[in-house]
Structure formats: structure tokens, C-alpha cells
Protein chains: 2
Amino acid sequence: MAIVVQKYGGTSVGSIDKIRYVAQKVARRYKDGDKLAVVVSAMAGQTDRLIELAKELTPRPDPRELDVLVSTGEQISIALLAMALKDIGVPARSLLAHQVMIKTDDAFHKARIVDIEAQSIQKVLDAGEVGVVAGFQGVTEEKEITTLGRGGSDTSAVALAAALNADLCEIYTDVDGVYTTDPRLYDKARRLDRISYDEMLEMASLGAKVLQTRSVELAKKFDVPVLVKSTFEDSKGTMVTKEDRDMERVVVSGIAYDKDQAKITLLGIPDRPGVAASIFNVLAQENINIDMIIQNVSADGKLADISFTVSLNDFDNAMRIVKEKGDELNARDVLGDTTIAKLSIVGVGMRSHAGVAAKMFNTLSREGINIMMISTSEIKISCIINEKYIELGVRVLHDAFELDKPGGQVG
Amino acid sequence: MAIVVQKYGGTSVGSIDKIRYVAQKVARRYKDGDKLAVVVSAMAGQTDRLIELAKELTPRPDPRELDVLVSTGEQISIALLAMALKDIGVPARSLLAHQVMIKTDDAFHKARIVDIEAQSIQKVLDAGEVGVVAGFQGVTEEKEITTLGRGGSDTSAVALAAALNADLCEIYTDVDGVYTTDPRLYDKARRLDRISYDEMLEMASLGAKVLQTRSVELAKKFDVPVLVKSTFEDSKGTMVTKEDRDMERVVVSGIAYDKDQAKITLLGIPDRPGVAASIFNVLAQENINIDMIIQNVSADGKLADISFTVSLNDFDNAMRIVKEKGDELNARDVLGDTTIAKLSIVGVGMRSHAGVAAKMFNTLSREGINIMMISTSEIKISCIINEKYIELGVRVLHDAFELDKPGGQVG
């Protein structure tokens with residue numbers, strides 16, 4: 001008898017009919033004999049409606065109270081799903097964060113789970129009931145309600161699976177798995193049967209929004225196998241799991257892109273220790289994350305140019321700060337560019353295969369795509385290119401690394 | 001520095017604008033220096049919308065899950081009101097039942113408060129914050145969410161006032177106080193400045209729906225003065241308080257009526273001990289409350305007729321049960337009548353004044369209103385009459401006991 005945690009996202013429970021459908025799905029699984037905990041998100045659109053309501057009241061709603069407000073969304077879903085289950089004869093019990101004791105820190109809107117007391121949910125499963133658990137929310141040591149940020153229900157599910165020592169965590173969503181690249185961008189994109197935690201982490205952080213990054217980190221940390229599947233279609237899905245030999249044989253597993261990028265360049269700043277740090281310090285104080293950085297020293301060795309990327313959301317704020325800092329440093333100029341995008345290849349096979357970067361750069365250059373910045377990790381190479389070439393770049397890399405073939409390009 | 005508990009009903013927080021208005025009202029009071037706990041209901045219509053949603057899923061939603069569902073209504077209100085308060089510079093903190101520890105039994109939909117741990121809310125008030133507390137909901141020893149039934153927020157407020165040993169509990173609503181009778185029925189109805197707990201209890205149980213009966217019982221038990229006032233109009237309101245000499249001088253304080261009544265009569269049943277009990281036992285098993293009862297014995301002393309009243313809601317169910325029972329007892333016939341209503345006069349002054357009943361009966365008879373059943377308590381006389389005479393009955397009694405004059409008919 002396996003212990004399984006299932007998670008259904010907002011579109012999966014977006015209407016009474018869909019909740020009924022999910023209940024049937026859970027019921028079949030329950031009758032197969034598995035012990036089930038089901039994590040549910042708010043009905044699609046509900047969280048946004050609640051935030052709208054708060055914004056109607058005040059442009060800057062109090063963070064604590066906003067979490068109290070939006071966490072009602074999941075409470076509604078779990079009550080309805082538990083009702084639907086009992087209605088078809090499946091013993092079930094809805095559970096809120098303070099009942100399961102999903103303990104988090106007190107960072108409202110982006111709280112991190114610090115612990116789950118498995119006893120209460122374990123008791124429910126042992127009693128033969130399906131535990132229907134509110135995703136996205138937690139509770140602090142002081143009983144304050146918190147939320148985990150967009151996509152937080154994925155993290156709730158994986159954390160619960162870890163606490164229950166579950167055999168599997170199934171994430172049901174509106175896509176049928178993880179693809180070699182975005183199928184809307186390239187119709188040759190292929191669903192992956194399996195992907196490693198590290199690859200999934202890179203894909204998620206590079207803009208492929210199938211799972212919340214934090215959920216993959218937790219899955220890796222506690223070695224929870226995560227199966228991403230479609231709620232309404234029948235498909236094998238993609239298993240996110242630990243790395244094995246087979247995975248290493250594939251050079252590139254996926255191609256990610258992120259258009260939500262902008263570049264800022266400071267021209268002619270003093271080339272002495274601490275200057276770059278002073279710029280990044282003020283940005284960090286404003287909670288602006290820097291991604292890639294390039295620094296060039298001018299011919300005479302006294303002045304430097306520095307470029308870096310930020311997310312598009314932070315661009316206006318970052319430009320304001322950097323311009324002030326530029327004045328202070330007597331920079332020759334501060335330039336902003338919002339027409340860039342990040343194109344990345346990901347694969348654990350890179351570790352053991354040479355020439356991957358060269359192949360990526362050659363492929364892009366053959367199409368006349370200029371690379372402005374490069375960053376690499378053990379299992380990822382990212383290039384900043386002009387946004388208008390992003391679709392072309394995805395397609396030519398997908399072809400070059402033969403991602404349309406099962407197993408891809410095998411080294 | 002007084003400790004005051006305020007309660008705002010669903011119509012008082014029925015929109016973002018109204019929540020803003022209530023926040024201003026609370027802010028003024030806070031700035032006067034009072035320590036404030038504010039109990040809030042769900043936004044008007046919200047509870048019904050949630051119940052609709054559940055009913056769309058299944059005609060008989062699970063009671064436990066229904067309480068999880070509908071309690072989100074108050075959670076939304078308290079979050080929004082706390083936001084609105086902080087937005088205008090008043091320190092505030094929303095508090096759910098499990099945070100205040102409003103402990104109840106586990107009778108879902110109609111739970112009774114058994115205890116409130118005053119420490120947590122006391123801590124909030126001592127920190128100079130306004131505690132914004134979810135009405136209508138509680139939590140059991142096992143952390144289950146419960147609700148207190150329609151009007152339950154009144155009870156939350158009074159119970160909180162008792163736990164805090166508050167100086168006053170103010171109930172803000174869409175009427176400006178308690179009236180001598182329903183002003184929609186008779187325009188000479190007069191707002192009472194004061195009314196005793198016992199009178200208020202009778203009025204409430206007789207169908208005057210200003211306060212939940214249970215809240216008045218609690219107020220009486222813990223001697224909490226309750227001021228009923230209008231949220232949006234400026235009015236002195238009505239103070240519900242313990243009895244004093246002045247109150248006893250007034251013979252009749254108010255006239256209540258209840259159209260939600262039906263009468264069932266069994267004709268020709270055996271006149272022997274235990275027969276009536278056997279009928280009422282089966283009704284009690286189905287949770288049907290009996291109000292008035294009349295039994296007549298026939299001329300030969302062997303057969304009896306028995307009549308009793310139930311609420312209109314229970315009528316169909318009660319008729320089915322009584323007909324079965326009637327067959328069993330060889331009753332001559334079972335008759336139902338849904339065209340009746342209950343008309344009552346209430347006043348602590350009755351205790352010390354003779355002839356009140358006679359005056360009531362004479363007044364009704366002068367208008368040709370037939371009295372079918374009578375029941376009395378120390379401070380109340382109720383008559384069952386034909387529903388069509390109810391408005392007339394209210395008016396003639398109001399005039400006869402001079403309720404339009406401050407102080408009424410003084411004995």
C-alpha cells in the first residue's frame with residue numbers, strides 16, 4: 001500500500017464540475033488501495049479576485065492581512081473537494097495549514113516551509129480517510145497565517161510528501177508533463193519521460209513554469225519522486241527524479257527561454273576594487289536580483305564598462321538606482337535595454353561531454369544571432385540575445401541537439 | 001479607559017465603501033482612547049453564496065466541510081477591515097477563531113461557545129492594537145472549525161465581551177435599536193432606550209430578530225451591557241441590560257409576532273397516560289420543537305383531542321410523523337393549519353401588575369379576533385390567532401398598552 005500525495009492546481013478545480021471530476025479521479029485511486037493526501041490550490045481566478053478586492057480598498061494592502069485574505073481561496077477548494085469526495089462515498093477530511101501544522105517562517109507572501117508535523121495528517125490517512133490539504137498556505141510559530149508565493153501549492157505538496165515519507169508526489173496540472181522546450185514555440189517539442197532534479201531546477205529558474213523552483217529544491221533535498229501529469233488528459237507525464245546513468249548519456253535535455261529580462265550598462269566607471277560591489281549593494285538593498293554580469297576594462301586600464309541583467313519587473317526601479325549611482329561615480333553614461341532575452345540549454349550530460357558550448361555558439365552564429373552575454377553552470381549554458389531572435393534560437397538549438405528524438409543527441 | 005467590544009453585521013461591511021466607513025467609525029473610537037475588539041460578520045450575501053456553491057455540488061453537503069467553507073466569509077471581512085484600519089493609521093490585527101481560541105462544542109452549523117481564552121486577544125489590546133475578530137465561527141478541542149448558526153456573530157461579540165470583562169458590547173446593525181413592535185407593521189412603534197435581558201430574550205424567541213437569542217442568554221449570564229445601534233445612522237440605540245425598578249413600572253415593553261407558525265391537531269386519541277408523550281417523543285427524535293400544547297378531553301372521558309404548534313419549516317415533516325403516529329393510535333383525524341400566527345406581549349412589569357392578560361384578551365375580542373391557544377410565562381403572554389389578523393392585533397395591543405408613549409402604560 002503506497003502513500004501518495006497528489007496536487008491539483010487552480011485550473012484543475014476551477015469549477016464545480018471540475019471539482020467533481022477530480023473527486024472521481026481521487027476516488028479511483030483511493031479504491032486501488034493507496035493512502036492519499038491531496039493538496040489543492042484555490043479555484044482558478046479566485047486568488048486574483050481576492051487581491052483585486054484588497055487593492056480596491058488600498059493600493060498597498062498590509063502583507064499580514066493580505067495573506068489572511070488570499071488563504072481563504074484554498075480553504076474554499078478543500079472544503080468543496082472534501083464534500084465532493086464524501087458525496088461519492090470516499091471518507092475525506094479537509095485540513096488547513098494550522099490543522100496539518102505546515103510551519104513556515106513569517107515572510108508574508110513568500111514564506112518558506114520550515115517543518116510539517118506529520119502526525120495529524122498521518123492520523124487521518126491511518127483512519128482510512130483522504131486528507132484534503134490546503135496548498136499555498138502555512139502558519140508561523142505564533143499562529144500567523146502565511147502564504148508561499150505563486151506556485152506555492154507545488155511546494156506544499158512536495159513538503160507534505162517528504163513529511164509523510166510518501167512513495168510519490170503527483171502534480172496534476174494543465175500541461176501533460178515537462179517538454180524539451182515550450183511546445184507553443186516549437187511544435188517539435190517532445191514530452192520528457194524523465195528529468196533530473198537539477199535539470200528541472202535549471203528549467204524552472206530559466207522561466208519554464210511547470211513547477212515552483214522551491215518545490216524542486218525540496219524534492220531534491222528529501223529525494224521525493226515528483227510526477228508531473230495532466231489532470232484532464234491521459235498521459236504518462238514526466239517523472240522528476242534523481243539523476244541516473246541514462247540521463248547522463250543525453251547531452252542536452254531541454255531548451256529554456258526567458259523574455260522577462262532587461263540589461264543595464266554603466267559606461268566609463270573607475271576601474272578600482274569595490275566599485276562594482278557598491279553598485280550591487282544598493283540594488284540588493286532594494287531586493288533587486290542580478291543575473292548575469294560582464295565587466296570590460298578600457299584600453300588605458302583606468303575606466304571600465306559594466307553590464308548586468310535584471311528581470312523586466314525590476315528594470316525601472318533598477319535604472320533609477322543605477323543612474324543615481326552612476327552620477328556619484330562620474331560614469332560616462334547609463335544605458336538600458338529591454339529588448340533582450342535569455343536562451344539556455346540544460347542537461348546533466350554536459351558534465352561528461354565536451355564541445356557543447358561551442359556547438360551552441362556555432363549554431364546561433366550560423367543564423368546570424370549575436371550573443372551579448374554568456375553564463376554557464378555545470379549543467380546549463382545561457383546566452384543573452386536580442387529578443388526578436390528567441391523563437392529562431394529555440395528552434396535551431398532544438399534541431400542541433402536532436403531533442404525531437406527520444407534520447408536526444410547521445411554522446 | 002474602557003474596554004469595548006463592537007460587532008458589525010453583514011450589511012455594515014457589505015461593500016468596500018462600507019468597510020472603509022466602518023474603519024473610520026472604529027478609528028474615531030480608538031482615538032478616544034478605548035480598547036477595542038471588533039467582531040465582524042461575512043459581507044452581506046457572502047454566506048449565502050458559499051452555501052449555494054456547496055449546494056451546486058451536492059444537495060446535502062457534509063456538515064463539517066460546510067462549516068470550513070462558510071467560515072471563509074468572516075475571514076475575508078476581518079482581513080479587509082484590518083487592512084482598512086492600518087491604511088488610516090490605526091494599529092489593527094485580524095484574528096480567527098483558532099487564534100483567539102473561541103472554543104465551541106462540535107455541533108456543526110449550531111455550535112455553542114464553551115470558552116474563550118482571553119489571553120491572546122487581551123495581548124493584542126494591551127499592545128494598543130484593535131483586535132478584529134471573526135464572528136460566527138469557533139474551533140473545537142480537536143481544532144475543527146465550527147459555526148454558530150445564523151446571527152452567531154452577536155454571540156461571538158457578547159462572549160468576547162464576557163471573556164474580556166468589557167465595559168460594553170455594542171451591536172451595530174441595520175436598525176437603530178429595539179422597538180416596541182415591528183415599525184414596518186405599525187408606524188407608531190417607538191424605539192426603546194432600555195430593555196431588560198429577560199424581555200429581550202422573549203422578544204427574540206418570539207420572532208423579533210434584532211439579536212440572536214443565545215447572545216442575550218450569554219449577556220444575561222455574564223451581565224454584559226449590550227447596546228444595539230445603527231451603523232449608518234446617528235441614534236442612541238437600545239441598551240439591553242439587567243432589570244431595574246424603572247423597568248418594572250412599565251406593564252408592557254413590547255409586542256412581538258411570529259408568522260412562522262403552524263398548528264397540528266390530533267382528534268380522538270386514547271385519553272390515557274403516555275399517549276401525548278409518545279407523540280412528542282417521535283417528534284423530538286426528529287429534532288422538531290413543539291411550542292404550545294392544548295389537550296381537551298371528550299365528553300365521555302375516553303378520547304382526547306390534542307393540538308400543538310411547530311415552526312412552519314418543520315410542518316411537512318411533523319405532519320408526516322404525526323399521521324403515522326395517528327394511524328397507530330387509531331386517531332379519528334389529523335388536521336394541519338398553516339394560517340396561524342403568534343401574537344405576544346412582553347414586559348417585566350407583568351410580574352407586579354394584575355389584569356394584563358384580561359386586558360389583552362378583551363382588546364383582541366373587541367376586534368373580533370379569536371384566540372385559539374394561549375401560553376404564558378412570568379413576563380410574557382402569547383396567543384395563537386388567525387394569521388390574517390396579525391397586523392390588526394399588533395396595532396390594537398400597541399394602542400391599548402400605550403406603547404407609543406415613553407414609559408408606556410405605567411401601573
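I started with the contacts of A:Asp67: leaving aside neighbours within four places in sequence, A:Asp67 is in contact with A:Phe108, A:His109, A:Ile145, A:Thr146 and A:Thr147 (contact: C-beta atoms, placed from the backbone, within 7 Å). This is a predicted model, where local features need pLDDT of at least 70, side-chain atom pairs count only at pLDDT 80 or more, and totals for chains, interfaces and linings use all residues. Residues are numbered from 1 along each chain as its sequence is written, with chains lettered from A and ligands numbered from 1 in the order in which they are written.

Is A:Asp67 buried or exposed? A:Asp67 is buried, because 23 other C-beta atoms lie within 10 Å (buried means 20 or more, exposed 12 or fewer, partly exposed in between, with C-beta atoms placed from the backbone). I found A:Asp67 in helix 3, residues 63-70 of chain A (helices are DSSP runs of H or I, at least four residues, and strands runs of E, at least two, numbered from the N terminus).

Next I checked helix 8 of chain A, residues 197-205: eight of its nine residues are buried. Their cover includes helix 9 (213-222), strand 10 (194-196) and strand 18 (340-346) of chain A, among others.

Last, I looked at the chain contact: 27 residues of chain A are in contact with 27 of chain B. On the chain A side, helix 3 is one of the helices that each supply at least two residues. Helix 4 of chain A gives the largest share, ten residues.

Notes. Contact = placed C-beta atoms within 7 Å.
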